[in-house]
Amino acid sequence: MAQLSTRQKLEILADAAKYDASCASSGTAKRDSRGGKGIGSTEGMGICHAYAPDGRCISLLKILLTNSCIFDCHYCINRRSSDVRRARFTAQEVVDLTLNFYRRNYIEGLFLSSGIIRSSDYTMEQMVEVARSLRQDHDFRGYIHLKTIPDADPELLRLAGLHADRLSINVELPTESGLKRLAPEKDGGRIEGAMRHLRAEMEDGQDARRKYRSAPRFAPAGQSTQMIVGADAADDRAIIARASSLYDRHRLRRVYYSAFSPIPSPSAVLPLKRPPLMREHRLYQSDWMMRFYGYEAGEIAAATDQATGCLPLDIDPKLAWALNHRAIFPVDVNRAPREALLRVPGLGVKAVDRILMSRRQGRLRLEDVARLTTSIRKLRPFLIAADWRPLAMTDRADLRARLAPPAKQLDLFA
Amino acid sequence: MHRVSLSAPDDFDGWRAAARRLAVAGVDPADVVWQVGDAPGDLFGHDPLPPEPERAAFSVPRAFVDLAQTAILHRDPERFALLYALLHRLRDRPGLMEDRADPLLRRIDALGKAVRRDIHKMRAFVRFREVAEGDDTRFVAWFEPEHHIVRDNAGFFVRRFASMRWSILTPDLSIHWDGATLNEGPGAQRSDAPDGDPVEALWKGYYAAIFNPARLKTGAMLSEMPKKYWRNLPEAALIPDLIAGAQAREAAMIATTSVAPRRPDDIATAWAALREGAMGCTRCPLHGPATQTIFGEGPLDAPILFIGEQPGDQEDLAGRPFVGPAGQLFDTALVQAGVDRSRAYVTNAVKHFKFERQGKRRLHQSPDAGEIEACRWWLSQEIALVRPRLIVALGASAARAMLGKAVTIGATRGMPIPLADGAEGWVTVHPSYLLRLPDAARRAEEHARFVAELRMVGERLTALA
């Protein structure tokens, strides 16, 4: 094989990494480079340094150490049987690239993942070496996210957590049968076992820091995971239930959804067409509802279509839930508690906080509410204000049609 | 009339000192003119500022100071006056900062928001280029902020790049860091900044490679990275070509999948795995009462695929499609029409038996739209694997599954319907419909029509082969 240039390798290994949705660089410990000999800072909120035309933010240098892999997962472009071009970076090359990009303010840090070569331990060792070198040889204080390999030695996972801000392990598919069919070499039990292990390490680390301020931090930005949507038969109800159990059991910071997208030279086991991107969007909205709006997974399941088990694509899940629970509306904007206001379709967390603050200053009229929110159109049927009471609006049979955007023709077998 | 001259467009301390004296003296906001630097022509005479108060006569909430510090960086020339007007009102209404519906507060809030966004975008979109400086190097960037944020934002770059030497040049102000102290210089021009850096080629390569052409969402990109920033972002030069190439790349990806020789054993593995997946399907409630999932069967390279409605009582027990009375009638009709049954793949729109129990008998019930929709995922996977030239829908449920919408048999039967995946669709009646017709003459007539339509399909298949 001819020698590949750094640029060629970067293109191959970035291309191979783009199916990982996560690019977050928020929520880690605050630190900066003053008083050090290196560079880097993290100040709570991550920064998106660029956006690609797919609408995704580019915050981290997201690459694979190598795209060679001994596994044969059908949905993955890097699987053993795929005829994609292979490349491999040395640890030193990744370190240099990260620092060179960081110095020019292109990125917040590194998100390193890898195909599995030789063995899980060998691969994990190489990834840990990149993080170690950045932190120790170069005093790099930017963000590092390492994808962890579930089968790797616990000591390697511990080292990974000492250098990295975030660790993640992908559950890949929402159902055990999907995993068996599409990723025969992966084992759902082992994946969850590794997550359990990471959670325990993180909690030990937090305990230690409560006692000794100098105790090292373990993955201060927590752990996350990713599920592929639309490659197996799991419906939204099953996906939401799985996500909710992962949040509860392993204290995940985030569950990412990635709508299965056609990959070059795919395996014949896969569907040829992608699921609608809107489906992924609706799942993220449901994720928000669980994390910020106080909905239980079971309640969101009630917003899914009875027959298909999927969230409606034409309206958002919060509106769908409200239309199915009209008895609790309209809600009085001047008296309702925070939890009730959060359930009003069209009211976000910020708007609710502004309402709670402002109503101490006097009774709110509809016009005041309009100034506190982005759009009043969707809200009107669900709210009572000082000068507004929707007359039987929530009883209208055509309420859904009045609030949903106009329908578009759907593709056959989309 | 009072006139206040501030030393710089972001002179918060100057504004605060003057505003405090004016507010304590109760000066009406309409009687104050704010300006930056010395005014060229003094049209009106003006009164001196009221004296410094003995001690702070009233305190303002923290939220006001935070908002004012941010909003004052806005380019809007009215910002000083607006902030003073808010301060003036706060004297009598200390709770005003909590009334987020107040129009003045809302306007100033919007200024603050725009400034915070600009600060954030500067942190994101500054692009350094490395230049030699003596034995060392310096990183230099050219940036055009919208508001007066550069001085305020310098701390971020100091904290992040403490060990580097760097300069950020902007039209109004330049800042320079030498590793220990921060210096300010006058505004600069784009041509003062270096025009390239060898690492940019790598960065552009990365930008193009990390973009997924299968999911184009330019609206989302534009809302976060508006075009006004593009000219100072090296990677933005690639965007038009990436967008133009995206649809073509995705189409090519799907096309190579379809023309690449698909290994028969790959397809067999895929089909077996699909069938196994369907065995555990719980996409709709029908899996509860039914005995098992009845998956389709037939050659995986079949040129023709028949969709029935759903398994019946006998199929549910036997585990295979088209073995009950309707299936037997279907077999007979195919022989009469001269269509080779052994070259056909047969399956159902819904893969579980739906029934109503009446004594010992399980009476067939038609699946509803939701059940058909839930099961359509499996059907579309079967079609994608087998890739038949012709798809024949038997009955209304099958036609709905094939076309994705309800149609009437009478209006659609007996003619080719082009399908999205390139196959040709046909619609005819379900054989069980013939079994249910009570009148023998009518039954014979409909049977003949069914056979005639199957014969048309057979002839079409020969023509296409």
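Modeller: Gladly! A helix here is a DSSP run of H or I with at least four residues, and a strand is a run of E with at least two. This is a predicted model, and by that count chain A has 14 helices and 10 strands.

Colleague: What makes chain A as compact as a globular protein of that length?

Modeller: The globule rule is 2.2 Å times the number of residues to the power 0.38. For 414 residues that rule gives 22 Å, and the radius of gyration of chain A is 24 Å, close to it, so the chain counts as compact for a globular protein of that length. Its C-alpha trace spans about 70 × 55 × 35 Å along the principal axes.

Colleague: And how much of chain A counts as buried?

Modeller: A residue needs 20 or more other C-beta atoms within 10 Å of its own; 51% of the 414 residues in chain A count as buried.

Colleague: Moving to chain B, how do you know that strands E8 and E12 pair?

Modeller: Pairing takes at least two bridges, and four join E8 (residues 304-308) to E12 (residues 390-394), which run parallel. For instance, B:Ile304 has B:Leu390 as its bridge partner in E12(B).

Colleague: Why are E9 and E13 of chain B called edge strands?

Modeller: The open sheet has the order E9-E8-E12-E14-E13 in chain B, with mixed pairing. Strands E9 (344-348) and E13 (417-418) of chain B each have a single partner strand, so one side of each lacks a neighbour in the sheet.

Colleague: Which helix lies across E8, E12 and E14 of chain B?

Modeller: Helix H13 (residues 395-403) of chain B does, running at about 140 degrees to E12(B).

Conventions
Residues numbered from 1 in each chain as written. Chains lettered and ligands numbered in written order. Predicted model: local features only at pLDDT ≥ 70, side-chain atom pairs only at ≥ 80, totals over all residues. Contact = placed C-beta atoms within 7 Å. Axes fitted to C-alpha atoms, helices over the stretch in contact; angles between N-to-C directions. Buried ≥ 20, exposed ≤ 12 C-beta atoms within 10 Å, placed from the backbone.
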